[in-house]
Amino acid sequence: MHASSLDILHSVFGYTAFRGQQQAIVEHVAEGGDALVLMPTGGGKSLCYQIPALLRQGTGIVVSPLIALMQDQVDALREAGVAAAYLNSSLGAEDQREVERRLLAGELNLLYVAPERLLTQRFLGLLERTEVALFAIDEAHCVSQWGHDFRPEYRELTLLHQRFPEVPRIALTATADPRTREEIVERLALQDARQFMSSFDRPNIRYRVGQRHNARRQLMEFLDGHRGEAGIVYALSRKKVDETAAWLAEAGFGALPYHAGLDAATRAGNQQRFLREDGVVMVATVAFGMGIDKPDVRFVAHLDLPRSMEGYYQETGRAGRDGLPAEAWMIYGLSDVVTMSQMIAQSESADERKRVERQKLEALLAYAEATHCRREVLLGAFGEQYHGPCGHCDNCIEPPKTWDATVPAQKALSAVYRSGQRYGSGYVIDILRGNDNERMRDLGHDKLSTFGIGADMDEKQWRSVFRQLLAAGLLEADADGYGTLRLARASREVLVGGKQVLLREDARPERRSRRRRDSQVVTGSSLGIEAYEQPLWDALRALRSQLAKQQGVPPYVVFHDATLLAMLRAMPANESELGEVSGVGEAKLKRYGRDFLAVINAPD
Ligand code: ADP
Ligand code: ZN
């Protein structure tokens, strides 16, 4: 009797239902069709090729650029009772030969390979003597020369189609950009493949963006709501990463640094601890994250503006892969906007490239300064029409107030103009506020008509105005490296045409939340763990850690948080009830069932 896709979903992976388009994809590929799958991170791409590989005769060959990730995926599959292996440069000669032997003997359901390995004559020769169920090309956007993850070997993968025309291919990516999609189709010769496109919305992520007043205090308040949870804090510079990590560690967080300036062993060690221990906060530059498949990252915090919307989406997307509530939080300030604007002006790039970069910055700032649903702006940047309000972002939860800033904007713009477009915001604000000093008198700026015309607003309010004028493209930062401001073309409409300028009233700094006084660490605040559930939740996590450590795998390979949470709520009394819990397949039930039931049903 042939197993159905649903049988396998249930018995092997322990899930009750397919998500989104999974079933259609699985069936299309299982029947031999080619597919291009675009699905956001955490959407459930892996099952789209794993189940067809189990349904079809032969071995599914998975091309993946991320060596670090292969091992976790293979461990997770083995836990579920699937015959899986990987071939990459991390294996010794003997282990490699053993994997090849198993491949030729038809003993493997799935084999993960790095692209450079796949393309060797030796490996292609092996494949010719093997029955291949399918080719899965993961992270397919690596074919794109324009992206951050370009891998030249990916372009040679058309060879698979030429040498094995009858084997179905499925290419998968979480990159939303339409241009990248076209490139994948073209580069991998997938013109005839069926395209499966999902919405890129990540409904379980809550988005929040705020002004930076006091970065440390703001971060501390944010993290207080996430004690005991795993998360990533992104900062722009290595120095800031080191300082923030040290300071958080002192404040009692399990915080570790990660950036390209650390030696390879420290980096690998810190990454390993992030993956294998519960509740580690990784403080990192953007060098961290590629190929991090950890499902239970509960938050991603940005202390500076990210490079672009794509970068922001990718980085925040590392939160909440398991579908449980997660938070994307960012603070930024005027200096970020000036720095980014300068970096573009200074770069050696051709004008065309600079124009694209400026547009990207504008898109990012439009998001950061948005006064309506963030999700609408975020998805809109990738060409997806989302109709808010989503009810799950800061702007939806607490709509920001705006005020008519036309007059202050005119004052600011003319002060920039009258002082010769040669100064940064700090000096221009001094002119507006009428703060004279020696330098100003020497330069004669205390005689300007704009001197002191903005004394009715304090320095902080003026900084907010300047930031938003930059963000709105009414001011530009010069390439000189000093943050010099000049008028952008659009400013004419405000200065001469009297066009209305609406700015957001910057939220007052959040009031310092009461610190938790009790020494007990609350470990599941994002997940809504109640106080009475806490002891059992901690016990389940401790058992999971212990089992994971025994086997040398990350805890989530044993069971995901979502599965532990389901156990906590269902309180299964016996094996058959435990088997009904989402995420508990047959192999795991057999291996772990007794231990978990003992913890769940232990007398208080
Ligand atoms: P992606 O590769 O798209 O980022 P994964 O394949 O890693 O996503 O899946 C994300 C998470 O969702 C994993 O924890 C996976 O086990 C879980 N998952 C996938 N499909 C289902 C499903 N049908 N039911 C429940 N959980 C699922
Ligand atoms: Zn919203």
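A nonpolar core is a set of buried Ala, Val, Leu, Ile, Met, Phe, Trp, Tyr and Cys residues joined through side-chain atoms within 4.5 Å. Keep that in mind as you look at this structure, which is a predicted model.

Start with the largest nonpolar core. It has 168 residues. Four of them touch the most other members: Leu111, Ile170, Phe274 and Phe466. Take Leu111 and look beyond residues up to four places away in sequence. Leu111 touches Thr59, Gly60, Ile61 and Val62, among others. Its partners also include Ala85, Tyr86 and Leu87, as well as Val99, Leu103 and Phe123.

Now find helix 21, residues 459–471. Arg467 sits in this helix. Is Arg467 buried or exposed? Its relative accessible area is 3%, so Arg467 is buried, the cut-off being under 20%. Leave aside its neighbours within four places in sequence. Arg467 is then in contact with Gln211, Tyr332, Gly333, Leu334, Val337, Glu369 and Asp506.

Last, turn to a pair of helices. Helix 23 covers residues 534–551, and helix 27 covers residues 586–600. They pack at an angle of about 150°, with their axes 10 Å apart. Angles over 145 degrees count as roughly antiparallel, so helix 23 is roughly antiparallel to helix 27. The crossing is right-handed. On helix 23, the residues in contact include Leu536, Leu540, Arg544 and Gln551. On helix 27, they include Arg591, Tyr592, Phe596 and Ile600. By class, this contact has 9 nonpolar, 1 polar and 3 charged residues.

Note on methods. Residues numbered from 1 in each chain as written. Chains lettered and ligands numbered in written order. Predicted model: local features only at pLDDT ≥ 70, side-chain atom pairs only at ≥ 80, totals over all residues. Heavy atoms only, no water. Helix = DSSP H or I, 4+ residues; strand = E, 2+ residues; numbered from the N terminus. Buried < 20%, exposed > 50% of the residue type's maximum accessible area, 1.4 Å probe, protein only. Contact = heavy atoms within 4.5 Å. Axes fitted to C-alpha atoms, helices over the stretch in contact; angles between N-to-C directions. Parallel < 35°, antiparallel > 145°, perpendicular 65-115°, else oblique. Left-handed = near helix turned anticlockwise from the far one by under 90°. Nonpolar A, V, L, I, M, F, W, Y, C, P; charged D, E, K, R; others polar.
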